[in-house]
Amino acid sequence: MNDNKLLPLREKIDAIDAAILELLNQRASVAQEVGHVKAETNAPVFRPEREAQVLRNMAAKNTGPLLNEDIQLIFREVMSACRALERRVVVAFLGPVGTFSEQAVYKQFGRAIEALPCISIDEVFRATEAGTADFGVVPIENSSEGAINRTLDLLLQTSLAISGEVAIAVQHSLMSKSGTMEGVTRICAHSQALAQCQAWLNQHYPHVERQAVASNAEAARMASADFSVAAIASEIAGHQYNLGIVSAHIQDDPHNRTRFAVVGRLNTTPSGKDQTSIVLATPNKAGAVYNLLAPLSKHGVSMTRFESRPARTGNWEYYFYVDVEGHAMDAKVKAAMDELNQDAAFFKILGSYPCTV
Ligand SMILES: C=C(O[C@@H]1C=C(C(=O)O)C=C[C@H]1O)C(=O)O
């Protein structure tokens with residue numbers, strides 16, 4: 001074998017690991033000091049703007065061969081572990097475990113947290129508003145199905161602010177207890193997942209009944225207990241419930257993504273590269289939307305997203321959900337927001353937060 005050649009290389013790796021370990025613990029000790037300083041003033045443990053800066057710095061300094069993406073994953077976990085020495089933050093999400101929401105939680109906060117599964121999006125908001133959780137992670141938009149209306153409606157009323165956003169690739173697989181479709185009479189999934197796989201299902205299993213259930217993970221749980229049920233869910237959920245894969249990645253759009261908002265009782269300060277989400281309504285008159293957006297162009301603020309929701313007043317009135325580049329504390333964003341606020345029938349800043357790194 002090549003072990004004679006490997007041995008000295010492994011000794012090198014052992015020495016480097018010892019140095020990394022030493023440095024990691026030095027870093028952790030400083031994070032503990034940060035924790036003590038924060039405890040004196042009851043300051044928030046999780047600072048998304050600072051974590052975004054650390055991740056951006058690491059990517060900027062990285063000379064390889066490790067990829068920026070992998071460096072950021074590693075540092076996300078390093079920060080998560082350091083943060084947990086200050087305090088383990090509690091993060092509510094749309095459960096049960098195994099959902100894409102749970103993946104989004106770990107992508108944003110790392111693993112060293114307490115993840116709190118909730119039965120509905122409403123419950124995620126409630127748990128976070130009540131302080132049972134420090135943050136909540138809620139789906140806001142899917143690239144093939146559009147906005148998650150319940151989240152938009154709840155954002156309108158909540159006292160929480162958006163403190164971050166996370167996007168994850170959503171890949172659905174068809175799975176069953178046996179790993180085949182033999183004896184399967186029902187395909188279960190969340191309604192969004194059924195919609196995202198509609199064309200594929202129509203083509204491959206047009207005659208099998210489809211049933212919408214509370215979540216894909218719930219579908220996976222049902223399939224694990226019943227040979228007549230197949231589930232559409234993530235492979236992670238399938239693995240959790242010991243399911244076999246019938247067909248992998250069956251979503252109609254191969255680039256299917258879901259964007260999640262992180263909500264909390266925290267107002268995030270500028271990170272250097274931020275965006276601001278607002279919601280506003282116009283008086284119901286000609287040219288209102290045009291006028292509404294004029295302050296943005298006047299102050300040179302770029303709009304990156306625009307979504308409308310019926311206001312349900314019966315008058316064809318709408319709420320507009322708008323994302324703009326920059327932080328609400330930036331002079332030009334602030335000037336544009338002040339003007340919007342003056343003209344709008346309804347105006348609310350949902351939050352300013354770091355752009356995804
Ligand atoms: C150490 C801090 O606390 C947390 C941990 C961080 C880290 O490990 O780098 C960064 C931001 C905070 O979420 C800090 O606020 O600087």
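Helices here are DSSP runs of H or I at least four residues long, strands are runs of E of at least two, and both are numbered from the N terminus. By that count, α3 gives the most to the shell around the ligand, with 4 residues. A quick word on ground rules: this is a predicted model, so local features need pLDDT of at least 70 and side-chain atom pairs count only at pLDDT 80 or more, while totals for chains, interfaces and linings use all residues. Residues are numbered from 1 along each chain as its sequence is written, and side-chain values use heavy atoms, with hydrogens and water left out.

Now for the shell itself. R27, V34, K38, V45, F46, R47, R50, E51, M79, C82, R83 and E86 surround the ligand, where a residue counts as near if one of its heavy atoms lies within 4 Å. What classes do the shell residues divide into? There are 5 nonpolar, no polar and 7 charged, taking Ala, Val, Leu, Ile, Met, Phe, Trp, Tyr, Cys and Pro as nonpolar, Asp, Glu, Lys and Arg as charged, and the others, Gly among them, as polar.

A polar side-chain atom of R27 sits 2.8 Å from a ligand oxygen. R47 uses a polar backbone atom, 2.9 Å from an oxygen of the ligand. With E51, an N or O atom of the side chain is 2.6 Å from a ligand oxygen. Taken alone, the ligand exposes 360 Å², and the protein buries 90% of that (Shrake-Rupley areas with a 1.4 Å probe; for residues, only the protein chains shown count as cover).

E51 also takes us to the helix packing. In α2, E51, V54, L55, R56, M58 and A59 meet N68, I71, Q72, F75, R76, M79 and R83 of α3, contact meaning heavy atoms within 4.5 Å. By class, that makes 7 nonpolar, 2 polar and 4 charged residues.

Finally, look at the loops. P65 lies between α2 and α3, and the peptide bond from G64 to P65 is cis, with omega near 10 degrees. In the loop between α1 and α2 you'll find N42, which has a positive phi of about 60 degrees although it is not a glycine.

Terms used. A polar contact is a pair of N or O atoms within 3.5 Å; within protein, one must be able to donate a hydrogen and the other to accept it, and residues adjacent in sequence count only if both atoms are side-chain atoms.
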